[in-house]
Structure formats: structure tokens, C-alpha cells
Amino acid sequence: MSTEPDLPTATQYRDLRTFVTTIERQAELERIDRGMEPTTYAVYSAWTRMAVRYVTVLGNERTTPQAAHAAARAWGILLEMLGFWRNSPLLPESLRAPVTAAADVR
């Protein structure tokens, strides 16, 4: 991963991938077990699809300035998206500070 300030560290990237997968699984289980309302499930699904795509951008090679810029934007957007979970015990510790900082900037 990166030591650049606008990009996640290797630990943050790993934790982010795990967290997004966990949220995706949780939504699916809640939909099956509790009969999650279709609208709520659609929101969870849309969030996870977007998050997965941004995580993919972060995992791409950054051999051009455009790729580095795309990764930095993806990281910023993901931090904003994670703001919803900033008080959740599910959010990994490595992501708490950047998520809180991103929320404080808004």
C-alpha cells in the first residue's frame, strides 16, 4: 500500500477490505434471517457495491499521476462513506482516526 498521506496504509487497506466484506455479509444475513425491508437492503447493497469498487481502485497499481489521483479520491470518498459507522464497534481501530478526521472536515 502506501505511506502517502492521501492513501491508506497497508493495515488500513486490509482492514477496509475486511470491513466492507463484513458489512456485505451482515446485510445478507439480516435480509435472510429478519426479513430486512427491500429498501433497506437496497441501500446496504448499493453502499457495498460502491465501497467494493472504491476498494478495487485503491488496490490498483498507481504508475501514473491519474491513477494516484483516482486512488486518493477513492480513499477520501470511502472515509466519508464510513462516517456512518464511525461509532460502531465493527469499524476497525486502524480506520477510526481517518474516518473521524474526514467527518470533522465536513
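This is a predicted model: local features need pLDDT of at least 70, side-chain atom pairs count only at pLDDT 80 or more; totals for chains, interfaces and linings use all residues.
Along the principal axes, the C-alpha atoms fill a box of roughly 45 × 25 × 25 Å.

The protein contains four helices and zero strands. In sequence order the pattern reads α-α-α-α. Of the contacts with a separation of 6 or more, 56% are between residues 24 or more positions apart.

Burial and surface can be stated briefly. Buried residues account for 36% of the 106 residues.

The axes of helix 3 (residues 65-82) and helix 4 (residues 93-105) come within 8 Å of each other and cross at roughly 90°. Because angles of 65 to 115 degrees count as roughly perpendicular, helix 3 and helix 4 are therefore roughly perpendicular to each other.

| Helix | Residue range | Residues in the contact |
|---|---|---|
| Helix 3 | residues 65-82 | Trp75, Leu79, Leu82 |
| Helix 4 | residues 93-105 | Leu95, Pro98, Val99, Ala102 |

Sorted by class, this contact of helix 3 with helix 4 has seven nonpolar residues, no polar residues and no charged residues. On the helix 3 side, Trp75 is one of the residues that meet helix 4, and Pro98 is among those contributed by helix 4.

Definitions and conventions:
Residues are numbered from 1 along each chain as its sequence is written. Side-chain values use heavy atoms; hydrogens and water are left out. Axes are lines fitted to C-alpha atoms, for helices over the stretch in contact, and angles run from 0 to 180 degrees between N-to-C directions. Helices (H or I, at least four residues) and strands (E, at least two) are DSSP runs, numbered from the N terminus. Angles under 35 degrees count as roughly parallel, over 145 as roughly antiparallel, 65 to 115 as roughly perpendicular and the rest as oblique. Contact means heavy atoms within 4.5 Å. Ala, Val, Leu, Ile, Met, Phe, Trp, Tyr, Cys and Pro count as nonpolar, Asp, Glu, Lys and Arg as charged, and the others, Gly among them, as polar. Buried means under 20% relative accessible area, exposed over 50%, partly exposed in between (1.4 Å probe, protein chains only).
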